[in-house]
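Trainee: I would like to learn how to read contacts between side chains. Please take me through a case.

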Amino acid sequence: MNLIESVENQYMKSDIPDFGPGDVVKVNTRIREGQKERIQAYEGTVIRRSHGGLKETFTVRRVAFGAGSERTFPLHSPNIESIQVVRYGAVRRAKLYYLRDRTGRAARVKERRR
Amino acid sequence: MVNGIIGRKIGMTQVFEDSGKAVPVTVIQAGPCPIVQLKTQEKDGYQAVQLGFGTQKESRVNRPKRGHFAKASVDPAFVLREFRVQSLEDVSVGSVVDASVFSEGELVDVTGTSKGRGFSGVVRRWNFAGGRKSHGGEQDLRRPGSIGASATPSRVFKGKRMAGRHGAKRHTVQNLSVIQADPERNLLVVKGAVPGPPNGLLLVRKASKSPI
């Protein structure tokens, strides 16, 4: 068996929901402030998933108060408490970089009926 | 107690600490290494164990080597390497050294042959800054500049860093911490990078110096 895979499997999460580019997700991250730990949510559209086993990351884009922001999360990081899919999107490409050039109504993603 | 093992670099990945911090790690296939010979003070002038690693077809082993392995009654190994030991009391020929010589959190030194880079210029080989790209410096982008003074000393000093063969040399990286050691899978995971390409031969020893 592949040794690298066997190492990565020890750290991989199994409870990751099925989501992809175009979906609106709510990412609950653990934030440590001194001794206290709290959960912070970040909600937005997934614009990419960068695969690679344990190293997989995904990027969430949201427009807050007119300013666009993007955050890239390591999918298997223990600091990610949970990921909730809020809405499924219907998109035709894997990387939604075109959303960066659009604002307002043009930046919408069609909802996917499932 | 043997303080080292022969291994093969498998590749790199990352793992997560409990705090959520991602740590770059190298995965090493460490051992199993049968002890093929003991070097003794009386006979050889120093104390060491000779370890074997990997497998080799019987037909590829020449007769003197075949006899050497037969004497230790171990299967022919791909490579033989020696590790100095303090005492030969608790080691015996034929017994197998595995990843259990290391434990989690321990510091190790990893020796390997770095990737060969062929004939490289001074920018790559010695991290020279090169010339500037604009303001008339275009022709000196990767040149070494002056290599010394003129009439005095009328020669280039020995050891002057110049272009030449780079890499493919034995290098040791010190004080890498062990993230995981699993003798069942012959697995050793250390933090950080080690010399050489994937599949390269590595010698892993307990750290010879303690970090500052």
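Mentor: We begin with a definition: a salt bridge is a side-chain nitrogen of Lys or Arg within 4 Å of a carboxyl oxygen of Asp or Glu. Keep in mind that this model is predicted.

Trainee: What is the general idea, and which residues are linked in a network of salt bridges?

Mentor: Side chains of opposite charge can pair when their charged atoms come close. Here A:Arg30, A:Arg32 and A:Glu37 are linked in such a network. Within it, the side chains of A:Arg32 and A:Glu37 meet at 3.0 Å, N to O. A:Glu37 is partly exposed, with a relative accessible area of 44%, and A:Arg32 is partly exposed too, at 48%.

Trainee: How many salt bridges does the structure hold over all chains?

Mentor: There are twelve. One of them joins A:Arg100 to A:Glu70, at 2.8 Å from N to O. This pair links distant parts of the chain, 30 residues apart: A:Arg100 is in the segment after β5, and A:Glu70 is in strand β4.

Trainee: Which residue forms a salt bridge with A:Glu111?

Mentor: A:Arg87 does, and the closest N and O atoms are 3.4 Å apart. A:Arg87 belongs to strand β5, whereas A:Glu111 lies in the segment after β5, 24 residues apart.

Trainee: Now the rings. How many aromatic pairs are there over all chains?

Mentor: A pair of aromatic rings is described by the distance of the centres and the angle of the planes. The count over all chains is three. Among them is A:Phe19 with A:Phe58, 5.1 Å centre to centre and with 75° between the planes. That pair is edge-to-face because its planes are over 60 degrees apart. A:Phe19 sits in the loop between α1 and β1, while A:Phe58 is in strand β3, 39 residues apart.

Trainee: Is A:Phe58 buried or exposed?

Mentor: A:Phe58 is buried, with a relative accessible area of 0%. A:Phe19 is buried as well, at 5%.

Trainee: Which residue has its charged end over the ring of A:Tyr42?

Mentor: A:Arg71, at 5.5 Å from the ring centre. Likewise, A:Arg49 lies over the face of A:Phe19, 4.5 Å from the centre of that ring.

Definitions and conventions:
Residues are numbered from 1 along each chain as its sequence is written. Chains are lettered from A and ligands numbered from 1 in the order in which they are written. This is a predicted model: local features need pLDDT of at least 70, side-chain atom pairs count only at pLDDT 80 or more; totals for chains, interfaces and linings use all residues. Side-chain values use heavy atoms; hydrogens and water are left out. Rings of Phe, Tyr and Trp (its six-membered ring) pair if their centres lie within 6.5 Å; planes under 30 degrees apart count as stacked, over 60 as edge-to-face and the rest as tilted. Helices (H or I, at least four residues) and strands (E, at least two) are DSSP runs, numbered from the N terminus. Buried means under 20% relative accessible area, exposed over 50%, partly exposed in between (1.4 Å probe, protein chains only). A charge sits over a ring if NZ of Lys or CZ of Arg is within 6 Å of the ring centre and within 35 degrees of the ring normal.
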